[in-house]
Amino acid sequence: MKTKKKNGRQGELIANVLVAAMMTAVFVAMAWESLPAASVIFAVAAGYAFLMFRVVAHSGRAAAVMFPAMFLIFYSLTYVDDYQWIAAPGSWFLGLIVGGIAGINRWSGKSAGTKVSRKPTGAGEGGLEFPGGLRLAIINASCAVILLAAGIAHLVLQKPTASVGAVFAGATLGGWALFRFPLSLKIRNLLLWVIPVEFILLFPLAENTSQTALPFVWAYGVLGGILLGGRYWSGPRLGEPRPPFNVRAKTQRKRKRKPRTQQNQNKNSKTSPSTRGPVPK
């Protein structure tokens, strides 16, 4: 059985290597004319996806924000008109695949060929432990810096105006306040739907006003603000997420109580002496 499992893991590793090599070959063929510039985007995307599974996954909120952000960045690259000759969106997408394959699998040791998984530890508020520490603070701060830097890049590259800057600042402040001062879990989760709705509604306004950066600075600002407002940054709770949490404790099932008559019968059957005669040899 062990040899079969080991052979199966080795087969999965070989398949993953072949897929990653094939995606890299597709990238080289696609971006051959602008390979040096496209390779930078490919490498950044591969590093992004690798760190998503190996590092960012330690923080639930950071992972929940940075996962949709990878597709937002892909969509952003299709709107940066000055850099279309680099084949930026395709390079980013293929880099994500290669980096994801490298990050989600273990490549050495006894567990080579298995998937990297993160499990909640301990038991605290809500049935789970929400630890803090300098490491989680650095992970969330780094993710927030990346998102805000992407928003600033849109602001600079796509006709920077005062209105776009105001939207970016307001979105960042709104995302921060949403997780820094949440009214309740239901209200906060309901207000989160404003992010994609506003993102879609800003596209017509951006096209009519020739300010194509509007929806993107909104999205990056809100996501970056969420990471900044949803965590403690000083004191003994450094790195801990701020409540409320979506994860709830598992409710214990209540045992059905037996009727009193049945309980008395069980007690009597246990205490009463046996009426059976001796067993013949």
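User: Where in the chain does Pro244 lie?

Analyst: Pro244 lies in the loop between H9 and H10. A cis peptide bond, with omega of about 5 degrees, joins Pro243 and Pro244. The model is a predicted one: local features need pLDDT of at least 70 and side-chain atom pairs count only at pLDDT 80 or more, while totals for chains, interfaces and linings use all residues. Residues are numbered from 1 along each chain as its sequence is written, and side-chain values use heavy atoms, with hydrogens and water left out.

User: How many helices and strands does the protein chain have?

Analyst: Helices (H or I, at least four residues) and strands (E, at least two) are DSSP runs, numbered from the N terminus. The protein chain has 10 helices and 0 strands. Among contacts between residues at least 6 apart in sequence, 71% join residues at least 24 apart; contact means heavy atoms within 4.5 Å.

User: At what angle do helix H8 and helix H9 pack?

Analyst: Two packed helices are described by the angle between their axes and the distance between the axes. The axes are lines fitted to C-alpha atoms, for helices over the stretch in contact, and angles run from 0 to 180 degrees between N-to-C directions. Here, H8 (residues 194–209) and H9 (residues 214–229) pack at about 150 degrees, with axes 7 Å apart. H8 is therefore roughly antiparallel to H9, a term for angles over 145 degrees; under 35 is roughly parallel, 65 to 115 roughly perpendicular and the rest oblique.

User: Which residues make the contact of H8 with H9?

Analyst: Among them are Phe199, Leu202 and Phe203 of H8 and Trp218, Val222 and Ile226 of H9. The contact residues divide into 14 nonpolar, 1 polar and 1 charged. In this scheme Ala, Val, Leu, Ile, Met, Phe, Trp, Tyr, Cys and Pro are nonpolar, Asp, Glu, Lys and Arg are charged, and the others, Gly among them, are polar.

User: Which residues of the largest nonpolar core touch the most other members?

Analyst: In soluble globular proteins, nonpolar side chains tend to be buried together. A nonpolar core is a set of buried Ala, Val, Leu, Ile, Met, Phe, Trp, Tyr and Cys residues joined through side-chain atoms within 4.5 Å. Buried means under 20% relative accessible area, exposed over 50%, and partly exposed in between (1.4 Å probe, protein chains only). Of the 39 residues in the largest core, Tyr48, Trp92 and Leu147 touch the most other members. H3 gives the most to this core, with 9 residues. Beyond four places in sequence, Leu147 touches residues including Val65, Met66 and Leu223. A second, separate core of 9 residues includes Phe42 and Leu94.

User: Is Asn140 buried or exposed?

Analyst: Asn140, in helix H5, is buried, with a relative accessible area of 1%. Its side chain makes a polar contact with the side chain of Ser59 (3.1 Å) and reaches the backbone oxygen of Leu136 at 2.8 Å. A polar contact is a pair of N or O atoms within 3.5 Å; within protein, one must be able to donate a hydrogen and the other to accept it, and residues adjacent in sequence count only if both atoms are side-chain atoms.

User: What is phi of Ser210?

Analyst: Phi of Ser210 is near 60 degrees, a positive value in a residue other than glycine. Ser210 is found in the loop between H8 and H9 and counts as partly exposed, at 42% relative accessibility.
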